[in-house]
Amino acid sequence: MASPTLTRRSTQSRTLRALAALAALLTIGSLVGACAGSSETEQTADGKTVLRYQGAAGQVTFPELAADLGYFQDIELKWVGDTTSGPQDIQSVATGQTEFGSAFNGAIVKLRSAGSPITSVVSSYGADQGTFTGYFVLDGAPITGARDLIGKKVGMNTLGAHHEFVVREWLAKQGLTPDEIKQVELIVVPPINTEQALREGQIDVAALGSVFRETAVGRGGLRPLFTDSAIFGDFSYGTYVLRDDFIAKNPEAAKDFTQGVARAVRWSQTTPRDQVVARFKKIIGERGRNENTSLTDYWRSPGIPVAGAVIADRELQTWIDWLVRNGELKPGELTAADLFTNEFNPYANGAYTATSGADGQALGAAK
C-alpha cells in the first residue's frame, strides 16, 4: 500500500490561512446566502418543505433515520451529496447550498463568530461509553504524557474541527503553555490511512474512532494516550444547524426537523443495538447509492448522552471559552445562548419528559 500523503503546516501559518480562507468564504457566503434567503424554499406537491442536506457514505444520519421512522410530517429530505467534513457541512448551510448540516460545536462557534447567521437546534454526535475517539501511540513509543508530544506529530482527519480542539484542550489541561502547544504539530491524514501512518512512524499519535479504532486495536501494538471521553465524560460534541433566515421563514419546518431528529436520537437510545443496526442496513440498502453496509456493524451507541439530544450550554460554552483563551474571540463577544435554541425540541419544551421514549410514551427505565 502506498504511503499516505501527509499535510504538514505550522500552527501559526495554519491559523492565519484558515482565518483568511474563512473570511473569504464568509464574504462570498453572505452574498450567496442573501440570494438563497430571497428565494422561495422548495415545496413538494403535497405542501411539504424540502430540506437539502449532505449525507455520509455507508452511514445513516439521524435526520435520515427520522425520515425512515416516519417522524417528519411537514418536511421532506433531499440528499445532494456527501459531506467531506463538519466544517464543510455547515459552510454549505451558511452559503445556502443546503438547509441543515452538522459539525463540531467549536467549528460552529468559529463560523458564527465570523458573522454567519446559523443556529444550533439539536445535538448530532458526542461521546459515551460505546462511542468515543482515542488518541493512540505505538506500544513501544516513549510517549506517556502531554509533554512528550512537544516536537511530535498528531494525525487527524481535518483541522479546525473536533480532533484539533480536543487535542489542544487536552494539552492545555495537562499543563502545557500556549507556546509549548504550538510545538505539537497537527497533521492531516485520511482516516483510512491514519493507522498505517502511525505504524510506519510518519506520525506519533493517531486519532482513531469507530471502525478505525476497533480494527486498529484488534491488530494490536497500540495503546491509547487519552480519549475524548476521558476529558469531558459523556458529552455532546456537535449539533445540527439551520440558517436563521430559514427558521424565520419556515418555523413549522424548523420545528418538524428538530422534533423528528430528537425522536430519532431517542429511538436509537432506547432500542436494542441489533435492531438499530438492522434498520441502518435497511435504509442504506433501499436508498440506492451503491454503498457498503459494513460500517454499520461497528455502530455501538448513539454517542449522545442526553435524552432527545437536548443541547446544554456547556457544550458550546466550553469552546467559546477555549477560543477566548486562544485569543480568537474577545471575552463576552459570544455566549452559548447566542448560538442555540431548544425551543423546538420536545424533550426540552415540555412536550415529552426526559424519561419518555421516541413517541412520548413512558419507559420502564431510561437508557
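Q: Is helix α4 (residues 105-113) largely enclosed by the rest of the structure or largely exposed, and how many of its nine residues are buried?
A: In this predicted model, the buried residues of α4 are Asn105, Gly106, Ala107, Ile108, Val109, Lys110 and Leu111. A residue counts as buried when its relative accessible area is under 20%. Helix α4 is therefore largely enclosed by the rest of the structure, and the number of its nine residues that are buried is seven.

Q: Which glycine with a positive phi follows α4?
A: The phi of this residue is near 105 degrees. Most residues other than glycine have a negative phi. The residue that follows α4 is glycine 115.

Q: How far apart in space are the C-alpha atoms of tryptophan 322 and glycine 106?
A: Tryptophan 322 belongs to helix α13 (residues 313-325), while Gly106 is one of the buried residues of α4. Along the sequence, tryptophan 322 and glycine 106 are 216 residues apart. In space, their C-alpha atoms are 8.7 Å apart.

Q: Is tryptophan 322 buried or exposed?
A: Leaving aside neighbours within four places in sequence, tryptophan 322 is in contact with Phe165, Arg168, Glu169 and Glu328. Its relative accessibility is 5%, and the cut-off for burial is under 20%. Tryptophan 322 therefore counts as buried.

Q: Are the axes of α2 and α11 roughly parallel or roughly perpendicular to each other?
A: The axes of α2 (residues 62-69) and α11 (residues 251-270) come within 8 Å and cross at roughly 90 degrees. Angles of 65 to 115 degrees count as roughly perpendicular. The two helices α2 and α11 are therefore roughly perpendicular.

Q: How many nonpolar, polar and charged residues form the contact of α2 with α11?
A: On the α2 side, the residues are Phe62, Pro63, Leu65, Ala66 and Leu69. They meet Phe257, Gly260, Val261, Ala264, Val265, Trp267 and Ser268 in α11. The residues of this contact divide into 10 nonpolar, two polar and no charged.

Q: Which residues does leucine 295 contact, leaving aside its neighbours within four places in sequence?
A: Leucine 295 is in the loop between α12 (273-287) and α13, and at 31% relative accessibility it counts as partly exposed. Its C-alpha atom is separated by 6.9 Å from that of glutamine 59, 236 residues away along the chain. The residues in contact with leucine 295 are Ala57, Gly58, Gln59 and Val211.

Q: What is the relative accessible area of asparagine 290?
A: Asparagine 290 is located in the loop between α12 and α13. Its phi is positive, about 60 degrees, although it is not a glycine. Asparagine 290 is exposed, with a relative accessible area of 79%.

Q: What is the phi of serine 210?
A: Serine 210 is in helix α8 (residues 210-219) and counts as partly exposed at 39% relative accessibility. Serine 210 is not a glycine, yet its phi is positive. The value is about 55 degrees.

Q: What percentage of the residues in the chain is buried?
A: The chain has 13 helices and 11 strands. Of the 367 residues in the chain, the buried ones make up 52%.

Definitions and conventions:
Residues numbered from 1 in each chain as written. Predicted model: local features only at pLDDT ≥ 70, side-chain atom pairs only at ≥ 80, totals over all residues. Heavy atoms only, no water. Axes fitted to C-alpha atoms, helices over the stretch in contact; angles between N-to-C directions. Helix = DSSP H or I, 4+ residues; strand = E, 2+ residues; numbered from the N terminus. Parallel < 35°, antiparallel > 145°, perpendicular 65-115°, else oblique. Contact = heavy atoms within 4.5 Å. Nonpolar A, V, L, I, M, F, W, Y, C, P; charged D, E, K, R; others polar. Buried < 20%, exposed > 50% of the residue type's maximum accessible area, 1.4 Å probe, protein only.
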